[in-house]
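Dear colleague,

Please find below the structure that I am handing over to you. My notes on it follow directly after.

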Amino acid sequence: MRRRTFLKRMLATFAMALGLDGSLFQKFFSEFALAAPDLPRVATGTNQDYSRLLTDIMHALGGMERFVKPGQRVVVKPNISWDRRPEFGANTNPLVVKRLVELCLEAGAGEVTVMDRPCNDPRRCYRDSGILDAVRSIGSDRAKIKHLNPRRFVEVKLPRGVSLKQWPFYRDALEADVLIVAAPAKQHGSARLSLSMKNIMGLVGGRRERLHVGGLHQHIADLNTGLRADLSIIDATHMMVANGPSGGSLDDVRVLNRVAASADPVAVDSYAATLFGLQGEDIGYIRYGYQMGFGQIDLNKINLVEV
Amino acid sequence: MSEQSGNGLRQRGLAWLWLRRFSQVISLCFFLYLFLRYRYQDQNLLQGPLHLFFRLDPLLWLSEIVASWRWTWFFLPALAVLLLTVLLGRFFCAWICPLGALFDGIGTALNARRGRQPGNLSPSYRLIKYLLLLVLIVLAIFGFNWIGIFDPLALFFRSLALAIYPAASYSGERLFDLLFGLSPEKWGDSLDAIYSVLKGPLLAERALSYHLLVFTGLLFIGVLLLELVERRFWCKNLCPLGALFGLFARWRRLRRLPAKLCGDCGECKFLCKMDSFATESGRQNLRECILCMSCQVSCRENRVQYRFKASQPAVPHPDIGRRRIVLAVVSAAVSLPLLKVGSKRAQAQAIRPAGALPESEFLQRCLRCGACMKVCVTNGLQPLLLQGGLDALWTPSLVPRQGYCEFHCTLCGQACPTGAIRALSVAEKQRTVIGKAVTDPSRCIPYARGQNCLVCEEHCPTSPKAIVLRPQKKMNPHGKVVTVKLPVVILDRCIGCGICENKCPVEGLQAGIRVRPLVSMEQRLLEKAQGAGRKA
């Protein structure tokens, strides 16, 4: 085949592919169009009606339709780590999770699965966090809540990782079309703050305790190279300011009724740090995440939208 | 006339025989079903007639009374069983006892394979069970309660909980491993669906393991294999519950006719699983007959029937002999100090579950049934072997490296059929101190290696946390002096749940932080401090 023929046919093939697959076409251009001029956008707001709040915030981010396309498989990863009731703020608020799942369903998601890998007994965490009942109360067979099956972890190479070169991740999260992390904003003894990037630890296997040793912050950043959330939510409705991440006293909880969301995990975490009177730079994994190019840490370069 | 009524007897016998088998199967299945219900069922509450079989057991009633010297109505169903025994004899053994049902099933299967019926041992063997009962009661009265170790229901439950179920669940998991491995892409999702349904109700929530798994399992298999020596070996010779029923059967009204072996046949002698016919006189020992109805069904002459008789029967005493009884009682009493050797150490070794009674009372009332260990959500409750002396054999102790005590969970207290572990409210349980955590600076990562870790602090469930951080300068593995956060246990806040030890990333059996049991002095100090706290 002559070079000219080859190039022609290649071009034709691409053109056909773009023509046939409208979404690919759209994606191809929209990403180029969006990426260049826009600052990463973080939407946040307060409202006692969490359902309303979530709707408004997602609207400010361009609607859930921007993240979830019809028929896609969505994994929603709230924090269900602890056997604590919602008011203690140790887990993601069940109403936040519920509305999030509903928004995905309204955007036409084929299947929305809620899952986490708890620290306490999983059944007790799912139940007492209120998230099991919240997801079931939606009453859709497309909305599921599942316990992790230890057989479904797969080893993932992390070529961009600095101190972790590979680690097992949950297959369903890797294979999901859309991954949404919904993290409660909490004080944390060793990570200082537990925010959306820290929450990726709920989708990894192996002996997670080991991750605490030899640089937890770098490990968190490295894990984020293996799995990036398409949408990161910070749930500061019940912000835990002390005794975290497990808490256990209402004295440690500030009821802010605030939620923040962004497609940029570094940006939303950096913003959430300010709720605690800190800066994104103060938290190791947020800083590493910025340095490794996951997103924007500088609040001056973030388009913060208050709804 | 005799032809017809005789056939009628056999027919009726056959109906009773099948009814009995049906009752046995139902009873065994129900026992297993209830066994599986000893688990976290989506709420911190055990529901249903969980303790039913224990409550039917008059020997456990006796154990509870002797252990606590208190009357209890909890075992009222056992009274009904006893009253029925007075009327019917040892019906429990062939109609209700789930272990008896298992013996019959396994014995039939094993011996059918070998193509022969086992013989019968000398009748004097069967005195063992009476002596055992006597010795157990005497020992229990003097503070060494081993009744639960020999009680058939406690034995069965314990063997299921500590050996059979973990093994079966393990096999089930490996089967799923195999199936998942065959073609994860093709079958993964449908297998996942099946698996998630079985997980919990049938398969254990987590891979279970117990310290005495092999020991308990082999012992149980050994007991089952006694069927090869003779049918119902356990029931005839060893079972103390059977002996108790035997004692009450002396007033028995339901009797076999003819009362003796027939001179022209005598087949019943070889047919009877309980070997209840005396060799010399051919008379049936009504203490041994368990109403299995086999002789009525098999009688070729259609003579055998069971009838209620108003008159007092001539039931022979269990022919133990007064001297043997005295000897047994005395030797039991004399051996007591020997059996108690090392018991004091139990307290220093064991981390008893929250709600456990004071040690000596706990040891008296614990049935060693294993219900608390079965229900424990983390598999942290483990049986003791001899660490606490013979006294503490099979009693539960928390092994945090294996599983911690879940902060909001009170299931073991609810699962305990006797109240050896009290059923606490969640709030009470969270205040109950079962041990104290201490860091081991030679293993704890921040202390020993100068690296940050703090997994223990993260998981500590008390509020405020019993583990706090103290920044200190340490040399790290690269020889640099850095500031690390050291975990420090605030003893006043620690309840000894052991999640810190469980989650500690230090490799090997010995974690960098460990829960020590409460030894009595510490406990007293603690109670004093708590008392002072309350006054203030």
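The largest cavity has a volume of about 180 Å³; a cavity here is a set of points on a 1 Å grid over the protein atoms alone where a 1.4 Å probe fits but cannot get out, and its volume is the space filled by probe spheres set on the points, which are joined across faces, edges and corners. The lining comprises 21 residues, and B:Leu381, B:Cys405, B:Cys409, B:Cys412 and B:Lys429 are the closest to the centre; lining residues have an atom within 4 Å of a point. Helix H20 (residues 411–415) of chain B contributes the most to this lining, with 3 residues. Helices (H or I, at least four residues) and strands (E, at least two) are DSSP runs, numbered from the N terminus. By class, the lining of the largest cavity has 15 nonpolar, 3 polar and 3 charged residues; Ala, Val, Leu, Ile, Met, Phe, Trp, Tyr, Cys and Pro count as nonpolar, Asp, Glu, Lys and Arg as charged, and the others, Gly among them, as polar.

This is a predicted model, in which local features need pLDDT of at least 70 and side-chain atom pairs count only at pLDDT 80 or more, while totals for chains, interfaces and linings use all residues. Residues are numbered from 1 along each chain as its sequence is written, chains are lettered from A and ligands numbered from 1 in the order in which they are written, and side-chain values use heavy atoms, with hydrogens and water left out.

In the whole structure, 11 cavities of 30 Å³ or more were found.

I turn next to the interface. Chain B brings 42 residues to the contact and chain A brings 32 residues, contact meaning heavy atoms within 4.5 Å. Between them the two chains bury about 3,100 Å², 41% of it on carbon and sulfur atoms; buried area is the accessible area (1.4 Å probe) that two parts lose on being put together, summed over both. B:Tyr40, B:His408 and B:Glu458 account for 20% of the area that chain B buries against chain A, more than any other three residues.

Across this interface there are 8 salt bridges, each a side-chain nitrogen of Lys or Arg within 4 Å of a carboxyl oxygen of Asp or Glu. One of them joins A:Arg151 to B:Asp177 (2.4 Å, N to O). On the side of chain B that touches chain A, the elements giving two or more residues are helices H9 (152–182), H10 (184–198), H23 (455–459) and H24 (499–503) of chain B. Of these, H10(B) gives the most, with 5 residues. That side of chain B has 20 nonpolar, 8 polar and 14 charged residues.

Over all chains, the structure holds 39 salt bridges. Within chain A, A:Arg52 pairs with A:Asp56, their closest N and O atoms being 3.0 Å apart. Both residues lie in helix H3 (residues 50–60) of chain A, 4 residues apart, about one turn of the helix.

Finally, some backbone details. A cis peptide bond with omega of about 0° joins A:Gly244 and A:Pro245, and A:Pro245 is in the loop between strands S9 (231–240) and S10 (253–262) of chain A. Another cis peptide bond, also with omega of about 0°, links B:Ser463 and B:Pro464.

Yours sincerely

Note on methods
1 Å grid on protein atoms, 1.4 Å probe; cavity = no way out; pocket = protein on both sides within 12 Å on 5 of 7 lines; lining within 4 Å.
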